[in-house]
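Colleague: I have a model open and would like to talk through its layout with you. Could you put it up on the screen?
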Amino acid sequence: MFAPEFDYYRAGSVAEARELLDAHPDSTVLAGGHSLIPILKLRLAAPAALIDIGRIDALRGIASDGSTIRIGALTTHAEIAASDLLKGKAAALPEAAGQIGDPAVRNRGTIGGNVAHADPASDLPAVLACLGAAFVIEGADGERRVSAPDFFQGLMTTAVGEDEILTGVELSEAGDGEASAYSKFAHPASRYAVIGTAAKVGLSDGVCTSARVVVGGLVPAPVRAGAVEQALVGQAVTTELIAEASRKVGDSLDDDDLLGDVYASAGYRKASAHAWVRGALSAAVARAG
Amino acid sequence: MKIPVSITINGRQYDRDVEPRLLLVHFIRDVLGLTGTKVGCDTSQCGSCTILLEGVSAKSCTCLAVQADGASITTIEGLASHDGLHPLQESFWNKHGLQCGFCTPGMILASHELLRCNPNPSDAEIRHGLEGNLCRCTGYQNIVRAVRDAAGAAEGGAQ
Ligand SMILES: Cc1cc2nc3c(=O)[nH]c(=O)nc-3n(C[C@H](O)[C@H](O)[C@H](O)COP(=O)(O)OP(=O)(O)OC[C@H]3O[C@@H](n4cnc5c(N)ncnc54)[C@H](O)[C@@H]3O)c2cc1C
Ligand code: FES
Ligand code: FES
């Protein structure tokens, strides 16, 4: 398959990338290319120019100042999956990144591209929403930070403007007694998420002090399962409680929004979502306890 | 628009002017004539186009040649040394890890990546590590045996 013709410019810095975006109408950012190149090959998009940000080293890497972890937009899924810092302080993220596609996809695909693309079947949007990430966007007015509910605006739509660059995401390190996990119903062929669930819990003496549960895959943009969270907080956590709370996930899913396809209908996804919520919660509780 | 690229493949540098939309796999196969790298699905599913880009596996059907400008690449043609086949090639041969051979270049390079990250994988880890590569012929059993054999050979010092 051959993509339509386009021009190509390589940016050496974020400032240069923004200038190039500005100078070339109808241009699109290229990071790892693992969502964009398939789209170009299928001719679902035909930008006039690609602005390659893939060599901007400042956008790569994972670092913490002891409370906030910053992950550069170009950090690959493989690097995230292998990070000991993230495994210890934001476990759901490397767990999800390690389940994306296959090893070769993880070597090229980036966290920035994954969330900027905002495919509902992607894994990282739900995880980052659950971990309370801030999305750092650089635009004409400098840098701004956007939270997940404002960042993910719907099917493949985010807060990143046309001549803006997502430079990275920021997360708080898990505190004492806190842990997170990701549980995914992977499509058997593509490995994309049919249902993906991220959970973060805080435990003190066996009692749940905080809970955040976010589901993706079956909705256009990540959805917080408030009813599940409320059923947990303040309660002594048991296997039965987790199972019972997980069943409330349907309360947060709007039937009109649910996605379905030939592989898994919307109704089927909704009916089985609780199992993946339970999986993520059980794993997070085991880690926190 | 044409862009000059300089890409080193199997130790040899190639300088060419390419269209930005040219896929790396077509650069390798059609521009340079290195046809060991295959195109199976052309949709990043099958892994038959797998190469090593700066030492790590990548699907060359989902990469532009311009993205690889300045990079060093190994294709199946570059894996063997003058002294003989690479241990993975020996193992695929000895364990009958192929039938028609179409998936084999990609399988071997994906196996190379697997053993780079995990030199002593379990059978389950081998199957997981190769989940981006499809084979229509073998039923995978002998591919798993071949990778296990190559891991053992490396451990025994044969590499
Ligand atoms: C075979 C296969 C299987 C996959 N399986 C999964 C899976 O199981 N789960 C999953 O979550 N994903 C999966 N993916 C998608 C993969 O994670 C992609 O790599 C990712 O979604 C996009 O990242 P990228 O760096 O390749 O971005 P690109 O393809 O380069 O870009 C994607 C989009 O984001 C924009 N963009 C990229 N970076 C920035 C930035 N810094 N600022 C502003 N805009 C930007 C681009 O303009 C483009 O519109 C799969 C992909 C393939 C090919
Ligand atoms: S041809 Fe590249 S993955 Fe199938
Ligand atoms: S040997 Fe024929 S496709 Fe694998």
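Colleague: Which domains does the domain assignment give for chain A?
Modeller: The assignment, automatic or taken from a database, divides chain A into domain 1 (7-51), domain 2 (64-171) and domain 3 (183-288). Please keep in mind that this is a predicted model, in which local features need pLDDT of at least 70 and side-chain atom pairs count only at pLDDT 80 or more, while totals for chains, interfaces and linings use all residues. Residues are numbered from 1 along each chain as its sequence is written, chains are lettered from A and ligands numbered from 1 in the order in which they are written, and side-chain values use heavy atoms, with hydrogens and water left out.

Colleague: How many Å apart are domain 1 and domain 3 of chain A?
Modeller: Their C-alpha centres lie 35 Å apart.

Colleague: Now the sheet: what is the order of the three strands in chain A?
Modeller: The order is β1-β3-β2 in an open sheet of chain A with parallel pairing, where strands are DSSP runs of E with at least two residues, helices are runs of H or I with at least four, both numbered from the N terminus, and two strands pair if DSSP finds at least two bridges between them. At the edges are β1 (7-10) and β2 (27-30) of chain A, each pairing on one side only.

Colleague: How many bridges join β2(A) to β3 of chain A?
Modeller: Four bridges join β2(A) to the parallel strand β3 (residues 49-52) of chain A, and Val29(A) has Ile51(A) in β3(A) as its bridge partner.

Colleague: Switching to side chains, how many aromatic pairs are there over all chains?
Modeller: The search of the whole structure finds six, counting rings of Phe, Tyr and Trp (its six-membered ring) with centres within 6.5 Å, and calling planes under 30 degrees apart stacked, over 60 edge-to-face and the rest tilted. One of them is the edge-to-face pair of Phe135(A) and Phe152(A), at 5.4 Å centre to centre with 85° between the planes.

Colleague: Why does the pair tie together parts that are 17 residues apart in sequence?
Modeller: Because Phe135(A) lies in strand β6 (residues 134-139) of chain A and Phe152(A) in strand β8 (residues 152-154) of chain A.

Colleague: Is Phe152(A) buried or exposed?
Modeller: Phe152(A) counts as buried at 7% relative accessibility, since buried means under 20% relative accessible area, exposed over 50% and partly exposed in between (1.4 Å probe, protein chains only). Phe135(A), at 0%, is buried as well.

Colleague: Which residues form the aromatic cluster?
Modeller: Phe185(A), Tyr263(A), Tyr268(A) and Trp276(A) form one aromatic cluster.
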